[in-house]
Amino acid sequence: MRRVRRRLSILILKLQYLQPSPKEKMFDLLIPILFLIQVALVVACTITADKDISTDFAYGKELKSHWVRLMLIFFKEFLLLLISPFLPCLVALVYCTICLRCSRFVRNMTRKIALYSPEQFGPSEQIRILRHKAQIDEVLKIAQDIFSVPSFCLMLANTISCYTTLGCYLLTPLQVYQLMAYSVTGIISFLCLVGTLWVAGALPVELNNLKGTFYEKVYLRCIFFGFHKEQSLWREILEKPDFVFSGCDILFYKRSSILAAVGTLVTYTVLVINVQESH
């Protein structure tokens with residue numbers, strides 16, 4: 001636990017030196033919006049919930065006071081919705097913020113390389129880029145070490161939430177308050193799943209663009225100006241394997257995974273409908 005805290009402190013310190021992404025402002029707005037959605041949903045569920053639900057929440061004891069029933073339903077629903085999907089969504093926002101900053105840093109490096117002419121992109125400029133690359137590699141390594149397990153649990157929880165929502169819609173008759181709760185939970189879980197894959201999957205794309213731009217400059221420099229002795233610098237960035245965020249080295253966060261996730265949900269829906277019709 002101490003090691004994780006120390007690594008997290010180092011990560012936060014290093015992220016302060018990375019330029020924030022403009023998209024982070026959108027995340028700042030999402031936090032109060034999510035809280036307001038939760039409160040509004042809890043209030044709506046409390047008003048529309050059946051009286052029997054208070055008995056279930058009270059472990060079989062019938063509550064005579066109307067206000068006590070309302071308070072019990074309110075706090076129970078608030079805690080349930082806080083655990084899922086809103087707390088996982090907050091973790092996803094933090095994770096996506098880190099991914100956005102790293103992607104922006106890599107994108108800025110690519111733009112700087114593109115501004116150089118092949119003649120100007122000499123050893124000193126290449127070494128400067130490699131130093132920046134080493135800096136971002138260290139940040140990525142720490143972030144992967146810290147968020148490998150949490151991100152895996154996050155993706156798994158969102159996936160299960162989507163399946164559960166679909167199953168309840170297709171197989172179970174729902175009351176009004178249940179319909180509202182499942183709808184919001186399913187939509188937020190799906191958006192959280194897709195959004196995390198999209199943002200985290202942008203990093204391999206940016207790193208690949210960086211490699212391509214770097215190679216283009218050094219290749220033109222080599223064939224036009226004959227600087228063959230600089231090949232050792234190329235290998236530092238070109239021969240290194242592409243970095244991809246992952247969850248426990250089981251799930252790899254690429255944008256192509258979005259199609260796989262959506263396809264799996266569609267397949268699951270079709271199977272449930274077929275099973276329901278067969279019965």
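The model is a predicted one. In it, Asp 145 belongs to helix α5. Its relative accessible area is 34%, so Asp 145 is partly exposed. Val 4 lies 141 residues away from Asp 145 along the chain, yet the C-alpha atoms of the two are separated by 8.7 Å.

## Aromatic pairs

The structure contains 10 aromatic pairs. One of them joins Tyr 95 and Phe 147, with 5.4 Å from centre to centre and 50 degrees between the planes, a tilted arrangement. This pair links distant parts of the chain: Tyr 95 sits in helix α4 (residues 66–115) and Phe 147 in helix α5 (residues 123–171), 52 residues apart. Tyr 95 and Phe 147 are both buried. They also belong to one aromatic cluster, together with Phe 243, Phe 245 and Tyr 253.

Phe 121 and Phe 214 form another pair, whose ring centres are 5.3 Å apart. Why is the pair of Phe 121 and Phe 214 edge-to-face? The planes of the two rings stand at 80 degrees, and an angle over 60 counts as edge-to-face, so the pair falls in that class. Phe 121 is in the loop between α4 and α5, while Phe 214 is in helix α7 (residues 202–225), so the pair ties together parts that lie 93 residues apart in sequence. Phe 121 has 0% relative accessibility and therefore counts as buried. Phe 214 likewise counts as buried because its relative accessibility is 0%.

A ring also takes part in a contact with a charge. The charged end of Arg 255 sits over the ring of Trp 198, at 3.7 Å from the ring centre.

## Annotated transmembrane regions

An unreviewed UniProt entry carries the annotation "transmembrane region" for residues 29–49, 78–102, 179–200 and 257–275. Two of these ranges can be set beside the model. Residues 78–102 are 100% helix and 0% strand, with the end C-alpha atoms 34 Å apart. For residues 179–200, the chain is again 100% helix and 0% strand, and 31 Å separates the end C-alpha atoms.

## The largest pocket

The largest pocket holds about 420 Å³ of space. Its lining is made up of 18 residues, and those nearest its centre are Leu 30, Cys 89, Leu 93, Leu 191 and Cys 192.

Which helix gives the most to the lining of the largest pocket? Helix α6 does, with eight residues. At least two lining residues come from each of α2 (24–48), α4 and α6 (176–200).

## Thr 196 in helix α6

Thr 196 is a residue of helix α6. Is Thr 196 buried or exposed? Its relative accessible area is 2%, so Thr 196 is buried. Leaving aside neighbours within four places in sequence, Thr 196 is in contact with Ala 92, Tyr 95, Cys 96, Leu 154, Met 155 and Gly 201. One of these contacts, Tyr 95, is also a member of the aromatic cluster with Phe 147, Phe 243, Phe 245 and Tyr 253.

## The β1–β2 loop and Leu 251

Cys 248, placed in the loop between β1 (246–247) and β2, has a positive phi of about 60 degrees although it is not a glycine. Asp 249 is placed in the loop between β1 and β2 and is not a glycine either, but has a positive phi of about 55 degrees. Cys 248 counts as partly exposed because its relative accessibility is 31%. Asp 249 has 59% relative accessibility and therefore counts as exposed.

Leu 251 lies in strand β2 (residues 251–252). With 34% relative accessibility, Leu 251 counts as partly exposed. Beyond its neighbours within four places in sequence, Leu 251 contacts Phe 152, Met 155, Phe 245 and Ser 246. Among these, Met 155 is also in contact with Thr 196, and Phe 245 is in the aromatic cluster that includes Tyr 95. Leu 251 and Cys 168 are 83 residues apart in sequence, and their C-alpha atoms are 26 Å apart in space.

Definitions and conventions: Residues are numbered from 1 along each chain as its sequence is written. This is a predicted model: local features need pLDDT of at least 70, side-chain atom pairs count only at pLDDT 80 or more; totals for chains, interfaces and linings use all residues. Side-chain values use heavy atoms; hydrogens and water are left out. Rings of Phe, Tyr and Trp (its six-membered ring) pair if their centres lie within 6.5 Å; planes under 30 degrees apart count as stacked, over 60 as edge-to-face and the rest as tilted. Helices (H or I, at least four residues) and strands (E, at least two) are DSSP runs, numbered from the N terminus. Buried means under 20% relative accessible area, exposed over 50%, partly exposed in between (1.4 Å probe, protein chains only). A charge sits over a ring if NZ of Lys or CZ of Arg is within 6 Å of the ring centre and within 35 degrees of the ring normal. UniProt positions are given in the numbering used here, feature names are shortened, and annotations may be inferred rather than shown by experiment. On a 1 Å grid over the protein atoms alone, a cavity is a set of points where a 1.4 Å probe fits but cannot get out, and a pocket is an open set with protein on both sides within 12 Å along at least five of seven lines; lining residues have an atom within 4 Å of a point. Grid points are joined across faces, edges and corners, and a volume is the space filled by probe spheres set on the points. Contact means heavy atoms within 4.5 Å.
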